[in-house]
Amino acid sequence: MLKSMTGFGNATVEANGLSVTAEVKTLNSKFLDIYCRIPRQFSDKEIELRSLLTQQLERGKVELALNLTRTQAVRPGVTINRPLVAAYVSDLKETANGLLMSVSDSDVLQLALQQPNAYLTESADPTADADDWATVLAAVQEAVRRCAEFRRQDGAVLENKFQEYIQTISDRLTDIEEQDVRRIPAVRERMRNAVLDLLGNENFDQNRFEQELVYYIEKFDISEEKVRLRNHLTYFLEVLATEEANGKKLNFISQEIGREINTIGSKANDATIQRYVVQMKDELEKIKEQTMNVI
């Protein structure tokens, strides 16, 4: 089954007083290009997240965004060292009085809070960090799963479109095959008249005539091109129905289809066939454009 490179998935998981919302968005890209917007506290987990996205999403421009919200009261990670700040305040007031200066209490407190070691940083709780990471990981995994499902659904739509485009090209090829039957007598008549003109020429060169005759027969004959084009169309549908189907392989086959269509158009020398060729090229361009969106 085909998978599109365009996808979106989001999920919210709440546990242990933490609410985590993860969003994953993917767009077209020739290679895998990952961009993560994650809280600084989980910056050391970015490699693990990238590995997860690489395994599940394979290819495309991938954007991951995390939003964390605490749903319960938490202790601050930084507290004021009250005994030390009180000592700073006392010393600052004594210094101001000794200099006969008048300083407000708020100014003294603000200055005391700027002194060394006025704040205490609490050590991180490893258990709490592990629980938080488990919640984050669960949200990311669910968002990735939904994004992958979105890609599969969009891929199913693309598969139906490819089948429609190939069927249209096949129908035009059938029209060309029918027109080619009517084209041959006209080509034969033109060649017969040209041969008669050559035979009436006194300087007629038998060897040159045979060479020119072979050249024009090969130039106007599109039998091989019709067979190869039909085979390419069948092969495209066969690959489309297998697990091997991917954007690169389908694009390669579409290039081969294009070569045969172009050759038919250049060799046919027929206005009706040229119109069919234009219609086939239009459908082929749609195929090439859509293969760029297939993983």
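Trainee: Quick one to start: is R152 buried or exposed, or something in between?

Mentor: In this predicted model, R152 is partly exposed, because its relative accessible area is 31%, and that falls between the 20% limit for buried and the 50% limit for exposed.

Trainee: And which residue does R152 form a salt bridge with?

Mentor: That would be E149, and the closest N and O atoms of the two are 3.0 Å apart.

Trainee: How are E149 and R152 placed in helix α4?

Mentor: They sit 3 residues apart in that helix, so about one helical turn separates them. E149 is partly exposed as well, with a relative accessible area of 32%.

Trainee: How many salt bridges are there in the whole structure?

Mentor: A search of the whole structure turns up 19.

Trainee: Are D180 and R183 buried or exposed?

Mentor: Both D180 and R183 are buried.

Trainee: What about helix α6? Which residue does E224 pair with in a salt bridge?

Mentor: E224 pairs with R228, with 3.5 Å between the closest N and O atoms. Both lie in helix α6, which covers residues 223-240, and they are 4 residues apart, about one turn of the helix. E224 is exposed, since its relative accessible area is 52%, while R228 is partly exposed at 32%.

Trainee: Which residues are joined into one network with them?

Mentor: The network joins E224, E225, R228, E260 and K267, through salt bridges that share partners.

Trainee: OK, switching to strands. How do β1 and β2 pair?

Mentor: β1 (residues 7-15) and β2 (residues 18-27) run antiparallel to each other and pair over 9 bridges. For example, T12 stands opposite T21 in β2, and G7 has T26 in β2 as its bridge partner.

Trainee: What happens at N16, in the hairpin of those two?

Mentor: N16 takes a positive phi near 55° there, and the hairpin has 2 residues between the strands.

Trainee: In what order do the strands form the sheet?

Mentor: The order is β1-β2-β4-β3, which makes an open sheet of 4 strands with mixed pairing. β1 and β3 (32-37) are the edge strands, each pairing on one side only. On average, neighbouring strands of this sheet are turned by 15° against each other, ignoring direction.

Trainee: Which helix packs on the sheet?

Mentor: Helix α1, residues 46-57, does, and it touches β2, β3 and β4 (60-70). The direction of α1 makes about 140° with that of β3.

Trainee: Last topic, the surface. Which residues make the nonpolar patch?

Mentor: V78, I80 and Y119 make a nonpolar surface patch of about 270 Å².

Definitions and conventions
Residues numbered from 1 in each chain as written. Predicted model: local features only at pLDDT ≥ 70, side-chain atom pairs only at ≥ 80, totals over all residues. Heavy atoms only, no water. Patch = residues over 30% accessible without salt bridge, like charges linked within 9 Å, V, L, I, M, F, W, Y side chains within 5 Å. Areas by Shrake-Rupley, 256 points an atom, 1.4 Å probe, with all protein chains shown as cover. Salt bridge = Lys/Arg side-chain N within 4 Å of Asp/Glu carboxyl O. Pairing = 2+ DSSP bridges. Axes fitted to C-alpha atoms, helices over the stretch in contact; angles between N-to-C directions. Contact = heavy atoms within 4.5 Å. Buried < 20%, exposed > 50% of the residue type's maximum accessible area, 1.4 Å probe, protein only.
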